[in-house]
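Hi everyone, thanks for coming.

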Amino acid sequence: MAEHEGIRYDHGGDEFVYAEVSTAMSLPAHFTALAITRRLAEEAIPGVEEICPSNASYMVRVDPDRLHPRDLVRELQRIESEVGDKASADPSFTIDTRIVDVPIMLNDPWTHEVLMKFRDRHQDPNGTDLDYGARINGYDTTEAFIDALAGSPYLVTMMGFVPGLPWCFQLVPRERQVEVPKYIRPRTETPERAFGFGGAFAVIYPVKGAGGYQLFGSAPAPIFDAAQEQPDFAENDSVVFFRHGDVINFRRVDEAGYDEVREQVAAKQWRYRTAPVDFSPSRFLADPDGTNAAMLEALYR
Amino acid sequence: MSILVHDPGLETTVQDTGRFGHYAIGFPPSGALDSFAYHVGNALVGNAPGAAALEAVYLGPTLEFTADTVIAVTGADIPATLDGEAVPTWESVAVRAGQTLAFGQLTGGARPYVAVAGGIDVPAVYGSRSTYTLVGMGGFGGRGLAEGDELTLGDDAVSPRAGRRLSDDDVPTYPEIAELRLLVGLHSYRLTPDSLERFTDTAWKVTPDANRVGYRYRGAELEFVPREQPFGAGSDPANVTDCGYPVGSVQVPGGVEPIVLLQDAVTGGGYATLGTVVSVDRDRLAQTKTGDRTRFVAVDLDEALTIRRDRAAQLDRIRTALA
């Protein structure tokens, strides 16, 4: 294990280097990982094969035949010393990204049916995932909890698990962040496009499958499109919609709103509403609510 | 020129070296699990490295060839026949139009590979012909082969010729207990020192949950060091703040069932990883099956890199000898 003050570096076999900025999730830790991985990408060092920024860490796949993994760690330490702690303080560090409107139906019938099947794997066999999340996060009512979940935008701080799945961290101060455990034992079933929450992260499941996150709702619009049938996917020639660094506003819809989106999807005419954003971590950390309000205004004006 | 699938076996998929460059959005590499058997197969039939081949597991497929060609069966110890006549494995074999390749019962290993002159011609998806069944992409229609499928052959043949044979010294053997070398680390500090020791002391048994996504093992109970969980990780002691998983990494959700993640695995998640199997030994792992026993042997980075260099040199030597 390479010792270095600050980031912890280690080798994942002969092909991967793992860099842990912090064991706990925080936006400053994420911005540090982001600043380093962006610089690493710009430097295009031969032998650096894949760069995977994640929540409070990042991972690099290295070709050890071209770059010794220990030399890679030295390069990463150099970049850390150059940009590591500037990301959250330096106003000139910004993320050229977009804010995306993502309709969500919370307390929907589809995830409700699935979560009721798996109560024996849940911390609270007698309630629902939403009621449980509300209670352990100190909300008086489930409605107030839902308002908090959908009340402020999220930042996509990691992509993966399966293609296209965004890990979304809510852009609110620490004391307003929701945290829930994962299921005691993972479910064998999760509906496609389920909106889940685990640890401090919201996710949308791109495809159906196993899963351990609390189930809170459903997204009517696809985030994975293998056939690239919807215009957003065809025009970008991509099977996934989200990108690392996207800002997402989960907008609550009722069943009529959900059905409306599904009709557009069926007609292969669904398009996400987006607006460009120049996201500044330092500005955000100084004024979260003001920054969020400005991004939302840009999205919905 | 095509191959008609009369019987797909248990699960036979089209695989090549893998799909790289998209790990950060959640695409695992896929590709042949036993990279050695796959590369030797292509070298035997005279294909360019990287031509797509077939990977089977436990039961070989039954395949009819519609034109003369050259094939090689590598990987698991399994008897192969052409129209009922035994043919050697780890050797390129001439096939006449209308002949059918079939397999007997596996006697060692787990995954036979079939390389065909020219390679299997399926569309490359995100830069690879490998099958990734979880989301139904790549390979033949994103799925394992089915009875009645017709595969077309590609133009990756450089010098197809029958009668090339891998030297006996290079043919892998599959002893009863597989030894997989791994680099301990990543979140290994989450396990108690006793448990880490127990991990390398135990002869783990491969459970029925063993496939291209990952292999699960049983054999001992491991304990985590108690701690107040960091924000974002979740409350289970096996949880860490969600991060990337290296291919070959080992996690132990619940402390009782280590999982080695393989080429079709999830690319990240929130379970503590105690180490990573060195890339070369994923080949050996791919030749283990349910009920087999496996030992994990700790190595350091220098040893892991030496193992890698030795394997690359061996493949170079084999390719030169067979060219």
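Let's start with helix H9 of chain A, residues 288-300. By helix I mean a DSSP run of H or I with at least four residues, while a strand is a run of E with at least two, and both are numbered from the N terminus. H9(A) has 13 residues and runs 18 Å from first C-alpha to last, close to the expected 18 Å; that expectation is 1.5 Å times one less than the number of residues.

Before I go on: this is a predicted model, so local features need pLDDT of at least 70 and side-chain atom pairs need 80 or more, while totals for chains, interfaces and linings use all residues. Residues are numbered from 1 along each chain as its sequence is written, and chains are lettered from A and ligands numbered from 1 in the order written.

So, which residues of H9(A) are buried? They're A:Thr291, A:Asn292, A:Met295 and A:Leu299. Buried means 20 or more other C-beta atoms within 10 Å of a residue's own, exposed means 12 or fewer, partly exposed is in between, and the C-beta atoms are placed from the backbone. Those four sit on the same side of H9(A) because they cover an arc of only 100 degrees around the axis, taken from the directions from the helix axis to the C-beta atoms. On the other side, A:Gly290, A:Ala293, A:Glu297 and A:Tyr300 are exposed.

And what do the buried ones pack against? In chain A, that's strands E5 (95-106), E11 (247-252) and E12 (273-279), plus helix H8 (281-286). Contact here means C-beta atoms, placed from the backbone, within 7 Å.

Zooming out, the domain assignment, automatic or from a database, gives chain A domain 1 (8-83) and domain 2 (95-300). Seven residues of domain 1 of chain A contact eight of domain 2 of chain A.

How values were computed: Contact = placed C-beta atoms within 7 Å.
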